[in-house]
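User: I am new to this structure and would like to learn how to read it. Could you take me through it step by step?

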Amino acid sequence: MPRTLQQNKVIKDKRRNEILNAALELFVKNGFDTVSMDDIAKKIKCSHGLIYHYYTNKKDILVDLGRQSHDVIGIDYNSIINLPISFFDKYLKIQEYLLDIISSNNLKRYYLFLFLTLPLNKSLSEDLIQPTLRFEVKLTKIIRECQKEGHFLNIEPKELIILHLNYFIGLLYSTIKCPEIAKKINSNELVKIIAR
């Protein structure tokens, strides 16, 4: 009996997700430039041609991953901003959320790394890196409000964002290369360090 359209769609979506997950891990662990379409095919044990059935090249895969990254990490800024707490506490809540991703969900950890590092890839279109840039703008606004409350007075918001995002990227890189480190992360203690 032939498959239904729905069954074919499920199979196709499953295969696309396998390609994306394999590519995501390889891109993050090895760097986009060093990964080939063959590497992705080997990782999911499929033919080289099957991957080309879904994607023209690895940049198309990266674009698809980039589009998904901000949805997967899913910071709900509005719910945090609307909390009846200080802006300083709101900033710490965002930091805590990011630290929880780093210490818990492996797939989200890879997506967070990709999300934070997308602007570093100069070959990507402006619209693809916009979610990361908007995230930085929102953080800047929160930091400016924190400064009105008397926090972070001796540093420019942009410098603080660079400092904190580099901290997260370094922590992400460490937990990706040595996953056992993630189990030892104490989010509450790290947030206290960030708060200094």
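User: How many helices and strands are there in the protein chain?

Analyst: Helices (H or I, at least four residues) and strands (E, at least two) are DSSP runs, numbered from the N terminus. The protein chain here has ten helices and zero strands, so from the N terminus on its elements read α-α-α-α-α-α-α-α-α-α. This is a predicted model, in which local features need pLDDT of at least 70 and side-chain atom pairs count only at pLDDT 80 or more, while totals for chains, interfaces and linings use all residues. Residues are numbered from 1 along each chain as its sequence is written, and side-chain values use heavy atoms, leaving out hydrogens and water.

User: Which elements have the lowest and the highest mean pLDDT?

Analyst: The pLDDT is the predictor's confidence in each residue, from 0 to 100. For the protein chain the mean is 85, with 95% of its residues at 70 or more. Among the elements, helix H10 (residues 187-195) has the lowest mean, 70, and H2 the highest, 93.

User: What are the spans of the C-alpha trace along its principal axes, and what share of the residues is buried?

Analyst: The C-alpha trace spans about 65 × 35 × 30 Å along those axes. Buried means under 20% relative accessible area, exposed over 50%, and partly exposed in between (1.4 Å probe, protein chains only). Of the 196 residues in the protein chain, 42% are buried.

User: Which residues have the most contacts inside the largest nonpolar core?

Analyst: In soluble globular proteins, nonpolar side chains tend to be buried together. A nonpolar core is a set of buried Ala, Val, Leu, Ile, Met, Phe, Trp, Tyr and Cys residues joined through side-chain atoms within 4.5 Å. Here the largest one has 62 residues, and those with the most contacts inside it are Phe27, Ile40, Ile51, Ile61, Leu65, Leu116 and Phe135. Take Leu116 as an example: leaving aside neighbours within four places in sequence, its contacts (heavy atoms within 4.5 Å) are Thr132, Phe135, Leu165, Phe168, Ile169 and Leu172.

User: How do I read two packed helices, and at what angle do H6 and H8 pack?

Analyst: Two packed helices are described by the angle between their axes and the distance between the axes. Axes are lines fitted to C-alpha atoms, for helices over the stretch in contact, and angles run from 0 to 180 degrees between N-to-C directions. Helix H6 (residues 87-103) and helix H8 (residues 126-148) pack at about 145°, with axes 8 Å apart. On the H6 side, Phe87, Phe88, Tyr91, Ile94, Gln95 and Leu98 meet Phe135, Leu139, Ile142, Ile143, Glu145 and Cys146 of H8. These residues divide into ten nonpolar, one polar and one charged, where Ala, Val, Leu, Ile, Met, Phe, Trp, Tyr, Cys and Pro count as nonpolar, Asp, Glu, Lys and Arg as charged, and the others, Gly among them, as polar.

User: How many disulfides does the count come to?

Analyst: A disulfide is a covalent bond between the sulfur atoms of two cysteines. The rule used here asks for a pair of cysteine sulfur atoms within 2.5 Å, and by it the count comes to zero. Cys146 is buried at 0% relative accessibility, whereas Cys178 is partly exposed at 31%.

User: Is Ser69 buried or exposed?

Analyst: Ser69, in helix H4 (residues 58-73), counts as buried because its relative accessibility is 0%. Beyond neighbours within four places in sequence, Ser69 is in contact with Tyr111, Leu114, Phe115 and Leu118.

User: Where are Lys45 and Phe152 found?

Analyst: Lys45 is in the loop between helix H2 (37-44) and helix H3 (48-54), and Phe152 is in the loop between H8 and helix H9 (157-177). Phi is near 55° for Lys45, a positive value in a residue other than glycine, and phi of Phe152 is also near 55°. Lys45 is exposed at 75% relative accessibility, while Phe152 is buried at 11%.

User: How far apart are Val28 and Tyr173 in sequence and in space?

Analyst: They are 145 residues apart in sequence and 8.3 Å apart in space, C-alpha to C-alpha. Val28 belongs to helix H1 (residues 5-30) and is buried at 7% relative accessibility. Not counting residues up to four places away in sequence, Val28 touches Tyr110, Phe113 and Ile176. By contrast, the C-alpha atoms of Lys58 and Lys93, 35 residues apart along the chain, are separated by 35 Å.
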